[in-house]
Amino acid sequence: MRANRSIGCSVTECKYHAKNEQLCSLDQIHVDRNVTNAASEERDTECASFEKE
Ligand code: SF4
């Protein structure tokens, strides 16, 4: 799987994770908010391109 060095990611449960490095393998991802007005990067935003492996 080709790692994209422009997209760092630690979600190894995702089928697009590069596994051997903390990187995503997609050419691009979509980041979305979980609430109407995001105020916290940990709680209110997420990678919408995630797919469970
Ligand atoms: S799609 Fe999103 S969650 Fe999955 S490896 Fe890429 S950046 Fe991480």
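Leaving aside its neighbours within four places in sequence, which residues is His 17 in contact with? They are Met 1, Cys 9, Ser 10, Val 11, Thr 12, Gln 22 and Leu 23, where contact means heavy atoms within 4.5 Å.

## Basis of the model

This is a predicted model, in which local features need pLDDT of at least 70 and side-chain atom pairs count only at pLDDT 80 or more, while totals for chains, interfaces and linings use all residues. Residues are numbered from 1 along each chain as its sequence is written, and side-chain values use heavy atoms, with hydrogens and water left out.

His 17 belongs to the loop between strand 1 (4-8) and strand 2 (23-24). Helices (H or I, at least four residues) and strands (E, at least two) are DSSP runs, numbered from the N terminus. His 17 counts as buried because its relative accessibility is 1%; buried means under 20% relative accessible area, exposed over 50%, and partly exposed in between (1.4 Å probe, protein chains only). Its side chain reaches the backbone nitrogen of Lys 19 at 2.8 Å.

Ser 25 is located in the loop between strand 2 and strand 3 and, at 15% relative accessibility, is also buried. A polar atom of the Ser 25 side chain lies 2.7 Å from the backbone oxygen of Tyr 16. Beyond its neighbours within four places in sequence, Ser 25 is in contact with Met 1, Arg 2, Ala 3, Asn 4 and Tyr 16.

## His 30

His 30 occupies the loop between strand 2 and strand 3 (31-33). With a relative accessible area of 47%, His 30 is partly exposed. Setting aside neighbours within four places in sequence, its contacts are Glu 46, Cys 47, Ala 48 and Ser 49. For His 30 and Ala 48, a separation of 18 residues in sequence corresponds to 5.4 Å in space, C-alpha to C-alpha.

## Salt bridges

The whole structure holds 5 salt bridges, each being a side-chain nitrogen of Lys or Arg within 4 Å of a carboxyl oxygen of Asp or Glu. One of them joins the side chains of Asp 27 and Arg 2 (2.5 Å, N to O). This pair links distant parts of the chain, 25 residues apart: Asp 27 is in the loop between strand 2 and strand 3, and Arg 2 in the segment before strand 1. Asp 27 is exposed at 60% relative accessibility, and Arg 2 is exposed at 53%.

Lys 19 and Glu 53 form another salt bridge, with the closest N and O atoms 3.3 Å apart. Lys 19 lies in the loop between strand 1 and strand 2 and Glu 53 in the segment after strand 4 (45-47), so the bridge ties together parts that are 34 residues apart in sequence. Lys 19 is partly exposed, with a relative accessible area of 36%, whereas Glu 53 is exposed at 60%. In the salt bridge between Arg 43 and Asp 44, the closest N and O atoms are 2.9 Å apart. Here Arg 43 is exposed, with a relative accessible area of 57%, but Asp 44 is buried at 3%.

Technical notes
A polar contact is a pair of N or O atoms within 3.5 Å; within protein, one must be able to donate a hydrogen and the other to accept it, and residues adjacent in sequence count only if both atoms are side-chain atoms.
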